[in-house]
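Here are a few friendly notes to read alongside the model, written as numbered points. Please keep the 3D view open as you go.

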Amino acid sequence: EKGGYASFMLKEIAEQPKAIADTLLGRVDGSGTLSLDEVRIPTAVLREVDKVVVVACGTAYHAGLIAKYAIEHWTRIPCEVELASEFRYRDPILDQQTLVVAISQSGETMDTLMALRHAREQGAKVLAICNTNGSTIPRESDAVLYTHAGPEVAVASTKAFLTQLVACYLVALYLGQVRGTKYGDEIRDVVRDLSRISGAVEQVLETMEPVRELARSLAHKDTVLFLGRHVGHPVALEGALKLKELAYMHAEGFAAGELKHGPIALIEEDLPVVVVVPSPRGRSVLHDKIVSNIQEIRARGARTVVIAEEGDEAVVPYADHLVRVPATPTLLQPLVATVPLQVFACELATARGNEVDQPRNLAKSVTVE
Ligand code: F6R
């Protein structure tokens, strides 16, 4: 059933282009139109939404952090993202104009379920993003947008994450379309870009051999750090989480701008630091700032693993290892930038002799609070 792969995780990583295409199927087309009638919340209600709150755990929470950038940019509605396990314990402000988005692969995560129950009790509308048909979270929500990743067997989430991102973009674009913001043209362009994105993920998968080699060469390390900014920050957090759960290594993700406020003290000779670099087009200020960060850590001895867009030449002099990803619109970059981090963690864990499909102490679906 592993289809010739050594693990379910490798199989599921390889399935990502298809998972993305399946999640987009019937929802977007090449002309830039978006049809999401399945979100049964009336458009009149969606037009009145004045706050979006995303609740989720673990990897799904990282998808939520990325969703915030997309939702606020394309809809101009304020968006908060909260760990589901913390949400209901802080007396959150919710009412009929709040849209709560609950993201869950399994649809059975107790923390997320309790958060959405709390939200509905306060009168908020809940939209679930879920990969499991008929599971508890979508059943208890007002509406659901299914991700079509297919069954995810490996405990560590990979293809479900990329499809959660796709679903989050769809929700953001749909809300933007329904409400008619000044980004109408951009929304049409991005819908078109999304319909081509699975090809870009395929392209990344075809160039992963050097990443695997690098992972094997780092198997004896104790710590790996991950840096990113903007949507690259949650990508860094996800890269660190994958490494913790699979390789049982100390791994941390930081917002690159926070380096100088503390974490830079951790940098020492030969410490591997993975840096997710934003596109030099678009938000080019951020690109320049992260290039300075790479210079700073390298001057202190870090071994830099740089994930950068094709054609980004500015990073070349400071990259001990360079991983190229295809150019995408800024907000969509996590779809391509996450893939090398998944491959890296999987290969490194295997090199350490770990069982990647069943990491110690973890369960696929966490049905206790
Ligand atoms: C990480 C991982 C977990 C889950 C989290 C939420 O690889 O798999 O962090 O993402 O437990 O699970 P779901 O999405 O099923 O609610």
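1. A word on naming: helices (H or I, at least four residues) and strands (E, at least two) are DSSP runs, numbered from the N terminus. With that in hand, α4 is the element that gives the most to the shell around the ligand, with three residues. Please bear in mind that this is a predicted model.

2. Which residues are closest to the ligand? They are Ser104, Gln105, Ser106, Thr109 and Glu245, out of 13 residues that surround the ligand. By class, this shell around the ligand holds seven polar, four nonpolar and two charged residues.

3. Now for some polar atoms around the ligand. In the side chain of Thr109, a polar atom lies 2.5 Å from an oxygen atom of the ligand. For Ser104, an N or O atom of the side chain is 2.6 Å from a ligand oxygen atom. Val155 takes part through its backbone: a polar atom there is 3.2 Å from an oxygen atom of the ligand. On its own the ligand has 410 Å² of accessible area, and the protein covers 89% of it.

4. Where does the ligand sit? Its place is the largest pocket.

5. About 570 Å³ of space lies in it, and 25 residues line it. Nearest the centre of this pocket are Cys57, Gly58, Thr59, Lys364 and Val366. By class, the lining has nine nonpolar, 10 polar and six charged residues.

6. Which element supplies the largest share of that lining? The answer is α12, with four residues. At least two lining residues of the largest pocket come from each of α4, β3 (98–104), α6 (110–121) and α12.

7. Finally, please glance at the second largest pocket, which has a volume of about 160 Å³. Its lining is made up of Lys221, Asp222, Thr223, Leu225, His250, Leu266, Glu268, Glu269, Asp270, Leu271 and Pro272. By class, five of these are charged, four nonpolar and two polar.

Terms used:
Residues numbered from 1 in each chain as written. Predicted model: local features only at pLDDT ≥ 70, side-chain atom pairs only at ≥ 80, totals over all residues. Heavy atoms only, no water. Near = heavy atom within 4 Å. Polar contact = N/O pair within 3.5 Å; in protein donor to acceptor, adjacent residues only side chain to side chain. Areas by Shrake-Rupley, 256 points an atom, 1.4 Å probe, with all protein chains shown as cover. 1 Å grid on protein atoms, 1.4 Å probe; cavity = no way out; pocket = protein on both sides within 12 Å on 5 of 7 lines; lining within 4 Å. Sits in = over half its atoms within 2 Å of the grid points. Nonpolar A, V, L, I, M, F, W, Y, C, P; charged D, E, K, R; others polar. Points joined across faces, edges and corners; volume = space filled by probe spheres on them.
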